[in-house]
Amino acid sequence: MANIIVLDETIANQIAAGEVVERPVSVVKELVENSLDAGAQRISVELTQGGITGIKVVDNGCGMSAQDAALCFQRHATSKIRRPEDLNRINTLGFRGEALPSIAAVARVTLTTRTAGELGGTAVRIEAGQIKEIAAVGCPVGTTVEVTDLFFNTPARRKFLKSVAAETGQISDLLAKLALARPDVRFELRSGNRILFVSPGSGSLKDAAAVILGAANLNSMLEVNCQGELLAVKGLISKPVLTRASRQYQNFFINGRYIRSSLFSNVLQQAYENQIPGGRFPVAVLHLTIDPAQVDVNVHPTKMEVRLAREKEVLDELTAALIKPLQSTGAIGGLWENMPARRHERQATPSLAGSVYSEQRAAGEPAPPAAANRQTEQQHVAAEKSGGAINSRQLHFALPLKSNPSMPPVEQTERITEKQQDRADSSENILLEQQKDYRPAVFFPALTPTGLLPPTYVLAYGEGGLYIIDQHAAHERVLYEKYLQQLQQEVVAQMLLTPVPLEIPPHEAQLTVRHILDFNKLGFIVEHFGGDTFLLRGIPPQAAQAPGEIFMDLLALLQESPSRQIDMSLVIDRLAASMACREAVKAGKNLGSLEIKALLSGLAGCRQPFTCPHGRPTLIQISHEELNKRFKR
């Protein structure tokens, strides 16, 4: 008896369907992409129980004839390609003829469609891949596809589906990306009787981005518009002040197709090199237009991964396109991004003993004259020699630091408020306070600071030789361990006199509602104000610097695995890291001698002083042996 048999067509279709249809969001993706290929300008998606029970996609595209409606459920039946060479120039989102037969193999499907040239339409009802009925019906021009009881005949697949909220969230996220891909199309998502998401369909990418990313965030975005030899790039990228805790806010499209690409994400990250802290990621909506002959989209069944024929050249052009708007607007440098070009220049870095920080000046107030600066420096040096205390109005020990009068004014969001100044002045040195709560878990060398290496490094020596400390990474570690310990205890929310309004993207609004009680435990008092608007009424005291952005970082963590039971220890760890990253002293801040000593003392008191929360080193050592070798002694 033969061991090899030919599988039944039904079983073969179910296996093939598993490559295309993984969950309800896969069904929505395939159906909506068919609608876009049909020229639809309005697409409505209705969900029942997160799409598990029912999905209905309605479009006003060109529709299908009665003959095409009956034929479209056969495997590899497609209107997109005709000849083998067509595979080398794919201009449509779909082309393999697998979507409808794959969906029909694992669900009950009803398709209703009509073209503009026909008086009546056609309805096709199919179940588990078998056509049950074809009938003439009255209907508007376009196509409606209703999918019910997904995976009813493959219960093993159905039991692995996530919760209704999680499946709905994935579909909402997908439609948001499609709306960014096609801002000229009006998308609408409904769940039951509720409207979850509507895109404007005005044709403006900014209008679509305002709805999906938030109007406030749109003000911190830069336009990209560049034509190269191999590709054209258009879209929006964030200024260095707008970052997120994950890459999920980075959207890349090639010829209108949303793709996932670690290569593009790495190029984007490199464009911001040294401008944003480690572990932070810029926001982007980038449309790349490339000759279809140079792109292979037939790599994966989901068609969300591509190969490029001239990959290196394309990446080089993309890098140049991203750096250009950052440079032209003065955004590179982060701290000076909104200043007019060449209006301010970096002045020479002051000596270690003479590095002082004066009272925060009002926006636009001229810098004090050089003579006043010299007088202040002389006071500082004299006080240091005498061992006397420096008034915190002359030297601000608490970090984040005030701006240096020798440097341009910083972004308003980074300026410290009067209330924060009063809190800072009540303590001589916050950094020295922080080390009281910790006992180092590892040996940390005794270091003596010797100078600065702009823009972000502190030089010190110790028994082991020369040490180079990254001031941002070091301060980040100190703050992280402090906040981690505080958040692990009971957090008492600090109520705000004026609530902070938050525009939560539609695909995250349900997630926010779901975890409101968990947010309360962490000190974030959130109220649903209606629609996509939430009010942040209370915050943990550690998040006072940027409460809205820190909350969005927390939301991003939950978005990465929305179906999982919330892991509070992981959330607390990431929240502490996010707050530390935002409050740590930035590159370009010239620290005074006492501030450097306090930073090194705080670092020495940490349990894990040699890396920041994101794993980057806080310091590197060059031994005496290495120095002697370099100097050939």
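Eight strands make up an open sheet of mixed pairing, in the order 5-4-3-6-2-1-7-8. Strands (E, at least two residues) and helices (H or I, at least four) are DSSP runs numbered from the N terminus, and two strands pair if DSSP finds at least two bridges between them. Strand 5 (130-137) and strand 8 (194-198) are at the edges, each with a single partner strand, so one side of each lacks a neighbour in the sheet. From one strand to the next the twist averages 15°.

The model is predicted: local features need pLDDT of at least 70, side-chain atom pairs count only at pLDDT 80 or more, and totals for chains, interfaces and linings use all residues. Residues are numbered from 1 along each chain as its sequence is written, and side-chain values use heavy atoms, with hydrogens and water left out.

| Pair | Sense | Bridges |
|---|---|---|
| Strand 3 (residues 108-114) and strand 6 (residues 142-148) | antiparallel | seven bridges |
| Strand 7 and strand 8 | antiparallel | four bridges |

Val 109 stands opposite Val 147 in strand 6. Arg 190 has Ile 195 in strand 8 as its bridge partner. Strands 7 and 8 form a hairpin with two residues between them, and Gly 192 in the turn has a positive phi of about 65°.

How values were computed. Axes are lines fitted to C-alpha atoms, for helices over the stretch in contact, and angles run from 0 to 180 degrees between N-to-C directions.
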